Amino acid sequence: MQMKPYRIGTRGSPLALAQASETRARLMAAHELPEEAFEIVVLSTKGDRVTDRPLSEIGGKGLFTEEIEEQLSDGRLDLAVHSSKDMPTVLPDGLGLVAFLEREDVRDAFIGRTAQRLEDLPHNAVVGSSSLRRQALIRRLRPDISVITFRGQVETRLRKLGEGQADATLLAHAGLKRLGNTDVITELLDPESFPPALGQGAICIEARINDERTAELLAPINHPATQAALLCERAFLGALDGSCRTPIAGLATLAGSQLSFYGMILTPDGTVWHDIRTEGPVSDASVLGAEAGADVRGRAGSSFFDSWV
């Protein structure tokens, strides 16, 4: 008797579909299954439908997951594929991030129309970005630059740039690579001076935590090093109550059994920031991230977070 196909939930953007297709391909290879064993189910989320306002004004990260998670919770989906940086730190009861694909390049890509590099933009240039982190980091490095909100899919943002609505924009290098669109990049930004979003470059897979059949399916494609890095980064985010309303950056890297983490919090105008470096055993990934978050929160003081509201 033929089994029903596994149903993979995803958003409908070209990038989301590319990520879902990559996950399916890896599962097919790991289990020697045909494409018909998997069905990609495309769902529209509020974050996709509302593109005329910043995410911080309409609810934050959960906007890209709520409709998908409803169908995952009630069994209409078996798993869901997400960009890790879009995931809230608190998930609905019964759901968890059970696998991570090997991480892509974490760097931000600068796409310049009037200059090739961020530092070469003329005084009072305009940069379009929907990310509060990128906006704050741009203002930190170039306070003379005007930053405007660019919402929409990758193609939409590139179209707006081409129309002259801004002198430059920034996008994740990983997303552009997955779309085969790296030729638009004019500079890759150093993650030391321009740290990425927590989770940037990593595809995560969400499932019901009591679904052993799906857990067994996903186990062979999980990348332990990426999982450990994301446990640390998400713990840092959780300690700071991070959402799309908050400029937070950071990156965990592994070398053997050791994990190193660098994190930063900024005010939206980029004028004040606090950062931290820490390292320890990979087995303590979550603890390291949580302690780093508590440390910078304590040093910043409660008034620092008033500007995040």
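How many bridges join strand β3 to strand β10? Keep that in mind as you select.

**Before you start.** This is a predicted model, where local features need pLDDT of at least 70, side-chain atom pairs count only at pLDDT 80 or more, and totals for chains, interfaces and linings use all residues. Residues are numbered from 1 along each chain as its sequence is written, and side-chain values use heavy atoms, with hydrogens and water left out.

**Stop 1: the whole protein.** Show everything. You have ten helices and 13 strands; these are DSSP runs numbered from the N terminus, helices being H or I with at least four residues and strands E with at least two. Buried residues make up 53% of the 309. Buried means under 20% relative accessible area, exposed over 50%, and partly exposed in between (1.4 Å probe, protein chains only).

**Stop 2: strand β3.** Select residues 79-83. Five of the five residues here are buried. Look at one side: Leu79, Val81 and Ser83. Now turn to the other: Ala80 and His82. Both faces are covered.

Stop 3: To pair, two strands need at least two bridges between them, as found by DSSP. Pick Ile8; its bridge partner in β3 is Leu79.

**Stop 4: strand β10.** Select residues 203-208. Here is the answer to the opening question: four bridges join β10 to β3, and the two strands run antiparallel.
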